[in-house]
Amino acid sequence: MTTFRKLLMTTCVAAGALASACMATTSSASADDAKKFKIFLSLSYSGNSWQSEAANIVKALAQTPPYDKEVELKEVISGTDPQAQIAAYESMIDAKADGVISFPISSTALNRTVKKGCEKGVLFFMYDATVTEPCAYNVSYITAGFGENTAQALVNALNGKGKIFLSRGVPGNSVDKRHTDGAMHIFKEYPGIQVVAEYYAFWDDRTTQQETAKALAAHPDVDGIWAQAGEFGAIQALRDKGTRLVPMTGENSNGFRLALADPEAQKNGLKGVSAGSPPATAGYAFKLMMEILTKKRDLKAMNIQYPLPWVPADKVTLCKGDTFEDGCNTFPDGKVPSSFVTEVFSPEFLPELSLKSALDGAPTPGKTIQPLPAEVVKAPNEPGINCQKCDPPADLYKLTKIEPTVKP
Amino acid sequence: MTSVRPSAALQPPADTRRIGRIRSETISTAAIFALTIILILASRFVSPALGSWDQVDTIITLASFLIVVAFGQGLVILVGGLDLSIASMITLGGVLATTWNGSLGSEWVVIPAVLILCAGIGALNAVGVIWLNIPPFIMTMASGIVVASAALGYTSGTPRGASPDAFLALMKGSVGPVSAVLIFVVIFVLLACALQSATAFGRRLYAVGANREAARIAGVATWRPIMAAYAISAVCAGFAGMMLVGYANGATLRMGDSYLLPSVASVVIGGSSILGGRGSFAGTVGGAILLTTLGTVISALGMDQGWRTVIEGAIIVGALLLLREDLIARLRNRSAG
């Protein structure tokens, strides 16, 4: 009995060993195949809706099949100093990253480190903000003409004359400068347009509200507001003063879009357009990077333009569900905070996402990653933004979204 | 004291130091308010719309957050500390007020709950400062980082929910022609001045701040006023966060950042010593209103941001120099002599 048992056990063990040996070879082969790509998500700062939505989108995509088996994603938030982000990049390169997807805090300060990483085979994908180092991929809407198009929309709404405020972003930032340069290019064509106040509101609703309140104390007779992100604060500042609203342009906050579509607000004088920076860019950049890493796409480092969202008041459509379906682009009041940046979705690029992805970084159950359209749009050169020693195109500030309806 | 005085001939000169100090404090407080009024009137040259009641209303509304925060900061500075955690506490107050509002029950539960939590964190600051001998600067910076990160984690980056109705009413409402926040500021300032200058608790704060050892020997349990100062500071910051939420009807994670340095500046411009033991809340209120007025007037100047900030900084330095106590004392002596 015991001998039999022993024999049986030996056989079993031998068979098991053999089997496991076979398994080991196959599994080591498949482990090689299924080796997870080590990808770092590098944020400079977090704490505003835009930044966290962009990061949440990337996190949600990384957990959506089949990426959940292919990607090991680590998030690093380094703060608003370029030095801190340089240090973060350095340690990602040392950790043998396959790719870094990042919101860069400076368009020039990170260049040396990015170059060093490229030489070691790390893919650098920058979303929204850009770097001028040519070995990095920049994916951004910046070159799509937010400043000049919104400025023309405001000029049209004001019939070419009136006192306006410029509510700007962060002083010294290349994105703020590009937007404002584009806008001023248009405003200067119209002598009737008078910029009576210009303030930095740091792309923040609350700062915009307070700075607009200050400007309103000096110029209660303002006729229009040209705003970068934070625009909902400007509406709140106007409402604090009474019922009168003025034509204004701004970015993609849900509160602004709801106000644009509100008949009451329209009756009180609000008209304009919602355009600007879409957090969806981060998801698009991440999927591009993954397609390159998984050899589904062959693409050299380049500047890629993300389309500029453009939603005039009559195009605001409320979403019934948790994503952009049937051409909707705004969520009903109460579903998301008013500072929520609506452009987190793109039926074309990111059909895998829903509201939960943007708010919590969670994947949408039942969805799998869909391939991106084959074509990418090359961005025009813009010195100091996406290239260093380069010339901008002659038609840099060409209008693409709107026609002038008033003559200068 | 009078009964043990040996004789009239040996009577020492009356101790007028305190009176002198009070008078110079009153003068510097008056001076700072005068400067503010001059600034408001002079701002008519910048824009004819300025200098109106409307502008005053805007200034008081914008200054109200700073006044509340600076009261707490002023108490901590008075006891010889410094509170760097207030930016995070403002954010915490705002974030909790919006996310808990509705989900945790009525706002009359939520608001006290948030304030009690803030007080607890302030007390923890004090524990580190008093018993662990951590410099206030480091202790409050560290707790500020922890609180800010906790708020980031708790909201996963997007604070949700709306302001409690009470704070909407406070920031947007009005009683007859007067806005509610103006009435609130007047009541708050009166109560706070009374607490700081007319109660035994206030006296102990000054005693501890001027000389902690002397206060201890005199029988003051020195940890109590210090802990109270930190707790009040955290509560004020949390309350200001809720006011901001009422003002903008929503919270953001960086909403407190722009109040940290102005809160210290208001206290110092208002004539308090940064080293503690000296100062009045009336002066701090003047400092807060002056800073806000300056911001309003300067933003109406049609200049580049760089120059605007240069002018703002220069005026602050100028005000500090002008309001220096010894300068005022010297001027008074000269006019007296």
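Me: What makes a residue pair between chain B and chain A count as a polar contact, and how many pairs are there?
Reply: This is a predicted model. An N or O atom of one residue must lie within 3.5 Å of an N or O atom of the other, with one able to donate a hydrogen and the other to accept it. Between chain B and chain A, 11 residue pairs count, both residues being at pLDDT 80 or more.

Me: Which elements of chain B give two or more residues to the side that touches chain A?
Reply: There are helix 2 (53–78), helix 10 (223–248), helix 12 (281–300) and helix 13 (305–322). Helix 2 of chain B gives the most, with five residues.

Me: What makes up this side of chain B, by class?
Reply: It has 14 nonpolar, 12 polar and five charged residues.

Me: Why is the link between Asp360(A) and Arg160(B) called a salt bridge?
Reply: The closest N and O atoms are 2.8 Å apart. The limit for a side-chain nitrogen of Arg and a carboxyl oxygen of Asp is 4 Å, so the pair qualifies. The rule finds three salt bridges across the interface of chain B and chain A.

Me: How do you know that chain B and chain A are in contact?
Reply: Contact needs heavy atoms within 4.5 Å. On that test, 31 residues of chain B are in contact with 30 residues of chain A.

Me: What area do chain B and chain A bury between them?
Reply: About 2600 Å², 50% of it on carbon and sulfur atoms. Thr158(B), Tyr247(B) and Arg254(B) supply 19% of the area that chain B buries against chain A, more than any other three residues.

Me: Which strand supplies the largest share of its lining?
Reply: Strand 5 of chain A, with three residues. Strand 11 (303–305) of chain A also supplies at least two. Among the lining residues are Thr130(A), Ile142(A) and Ala379(A).

Me: How many residues of each class are in that lining?
Reply: Five nonpolar, six polar and no charged residues.

Me: What makes up the lining of the second largest cavity?
Reply: Three nonpolar, eight polar and one charged residue. Arg278(B) lines this cavity, and Arg counts as charged, so Arg278(B) is the charged one. Helix 2 of chain B gives the most here, with three residues. The space is about 40 Å³.

Key: Residues are numbered from 1 along each chain as its sequence is written. Chains are lettered from A and ligands numbered from 1 in the order in which they are written. This is a predicted model: local features need pLDDT of at least 70, side-chain atom pairs count only at pLDDT 80 or more; totals for chains, interfaces and linings use all residues. Side-chain values use heavy atoms; hydrogens and water are left out. Buried area is the accessible area (1.4 Å probe) that two parts lose on being put together, summed over both. A polar contact is a pair of N or O atoms within 3.5 Å; within protein, one must be able to donate a hydrogen and the other to accept it, and residues adjacent in sequence count only if both atoms are side-chain atoms. Helices (H or I, at least four residues) and strands (E, at least two) are DSSP runs, numbered from the N terminus. On a 1 Å grid over the protein atoms alone, a cavity is a set of points where a 1.4 Å probe fits but cannot get out, and a pocket is an open set with protein on both sides within 12 Å along at least five of seven lines; lining residues have an atom within 4 Å of a point. Grid points are joined across faces, edges and corners, and a volume is the space filled by probe spheres set on the points.
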